[in-house]
Amino acid sequence: MKNICIFSVLFFILSCSAPSARNTLKFTKQDYIGERPFSVNEIEVYCSGYKEIYGKTSNGKVYALNGSAKGASHNDPAISDVEEIWLDDPKWAGLKISYGDFITQ
């Protein structure tokens, strides 16, 4: 019985620490329909943690795309500011092009 308990605890620990495959969507400038909100040619959008949504560009930079991700990575130097790649809306001075479609998808 003791061996079964130890094995169960070990199995639980290993299963929690195993890397999980993350679901990602890749958006390219050529394939994206609609007004492109980012200056990069390609961005891979993925979820992490509970509700955090990030975007990773082909140069390896990672950007927090929603409030949860911005809060979770507030002090993380590995996460870049999305303002670096976020385009201004040509129709509305002072506003940015919405990237809500990236979040929704």
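Predicted model: local features only at pLDDT ≥ 70, side-chain atom pairs only at ≥ 80, totals over all residues.
Residues are numbered from 1 along each chain as its sequence is written, and side-chain values use heavy atoms, with hydrogens and water left out.

**Salt bridges**

- The structure holds 5 salt bridges, each being a side-chain nitrogen of Lys or Arg within 4 Å of a carboxyl oxygen of Asp or Glu.
- One of them joins the side chains of lysine 26 and glutamate 42 at 3.7 Å, N to O; because lysine 26 lies in strand 1 and glutamate 42 in strand 2 (residues 42-48), the pair ties together parts that are 16 residues apart in sequence.
- Strands (E, at least two residues) and helices (H or I, at least four) are DSSP runs numbered from the N terminus.
- The side chains of lysine 91 and glutamate 35 meet at 3.3 Å, N to O, linking the loop between strand 5 (79-80) and helix 3 (100-104) to the loop between strand 1 and strand 2, 56 residues apart.

- Lysine 26 counts as exposed at 51% relative accessibility, whereas glutamate 42 counts as partly exposed at 27%; buried means under 20% relative accessible area, exposed over 50% and partly exposed in between (1.4 Å probe, protein chains only).
- Threonine 28, in strand 1 (residues 24-28), counts as buried at 16% relative accessibility.
- Leaving aside neighbours within four places in sequence, threonine 28 is in contact with Arg36, Asn41 and Glu42, contact meaning heavy atoms within 4.5 Å.
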